[in-house]
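Thanks for coming, everyone. I'll keep this brief. Please have a look at the sequence and the model on the screen.

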Amino acid sequence: DFIDGLGMDGRFTISNMAVELGAKAGIMRADRKTKEWVSNNLGILKINAVSADEGASYDWVKEFDLAKISPQVAKPHKVDNVSPLKDVEGVEIAQGYIGTCTNGRLEDLEVACRILKGRQVKSRLIVAPISKKVFIQAKEKGLIDILISCGSLLLPPGCGPCVGTHAGVPADGENVISTANRNFRGRMGNPNSFIYLASPATVAASVLEGKISDPRKYLDR
């Protein structure tokens, strides 16, 4: 039910991050939303969707009740060093990063801006939309203005801080909270820094308070 109600941006993130669970790929059923996205973005009007046979059996089935899962954070220096946000809440952070192939899409920027609008960041916030198209869409929706107004630094679309290739390399001893998919030692360009991984909402809430913070207090208002 959750996947059926999820937009394509969220599905892309799950497929991307499935690899961090040890999977070779993350595959979802092609529904109306899938076909519309393919048509609107790739110009392909008809696709031959493949699905499992009715009554198919599987070697291993895992079911998750997402209503019981609270926000999660991956702690340094491994992607599977995960704990509920409440266990690391209050950890001071020097920098937040919203972007990458994992969480730099339009829906990611939208949820971050819901939290950031009308407020000022306490920690550095670097934002890099995933593509030129997303950057333009964000500008048209007024999201770029919100990000600039709250005190964030906008980078050109694409990769960057996630792999330490330009702006955003943390200093020695600094804690960073990032929406990237990797937090290995030295991943952002400095082996003497510490990277926490979280959702765009958690990153937005955290840079407002200068410490790892639960975003639900902002989204529920």
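**Two serines, a strand and a helix pair**

Let's start with S70. S70 sits in the loop that runs between α3 (32-42) and β1 (72-74). One caution before going on: this is a predicted model.

Is S70 buried, partly exposed or exposed? S70 is partly exposed, because its relative accessible area is 26%, and the cut-off for buried is under 20%.

What does S70 touch, once neighbours within four places in sequence are set aside? Two residues: P84 and R216. Then there is D214. In sequence, S70 and D214 are 144 residues apart. In space, C-alpha to C-alpha, S70 and D214 are 9.6 Å apart.

S123 is then in contact with I93, A94, Q95, V207 and G210.

β4 has two pairings to show you. One is with β3, residues 95-99. β3 and β4 run in the parallel sense, over 5 bridges. Within that pairing, Y97 has I126 of β4 as its bridge partner. The other pairing is with β5, residues 153-154. That pairing is parallel too, over 2 bridges. There, V127 is bridged to L154 of β5.

A general point on strands. In a regular strand, side chains alternate between the two faces of the sheet.

Last, the helices. Take α5 and α8, where α8 covers residues 200-209. How do their axes meet? The axes come within 8 Å and cross at roughly 30°. Angles under 35 degrees count as roughly parallel, and therefore α5 and α8 are roughly parallel to each other. The crossing of α5 past α8 is right-handed.

Which residues make the contact? From α5: D108, V111, A112, I115 and L116. From α8: P200, A201, A204, A205, V207 and L208. By class, the contact has 10 nonpolar residues, 1 charged and no polar.

One link back to the serine. V207 of α8 takes part in the helix contact, and V207 is also in contact with S123.

That's it from me. Over to you.

How values were computed
Residues numbered from 1 in each chain as written. Predicted model: local features only at pLDDT ≥ 70, side-chain atom pairs only at ≥ 80, totals over all residues. Heavy atoms only, no water. Helix = DSSP H or I, 4+ residues; strand = E, 2+ residues; numbered from the N terminus. Buried < 20%, exposed > 50% of the residue type's maximum accessible area, 1.4 Å probe, protein only. Contact = heavy atoms within 4.5 Å. Pairing = 2+ DSSP bridges. Axes fitted to C-alpha atoms, helices over the stretch in contact; angles between N-to-C directions. Parallel < 35°, antiparallel > 145°, perpendicular 65-115°, else oblique. Left-handed = near helix turned anticlockwise from the far one by under 90°. Nonpolar A, V, L, I, M, F, W, Y, C, P; charged D, E, K, R; others polar.
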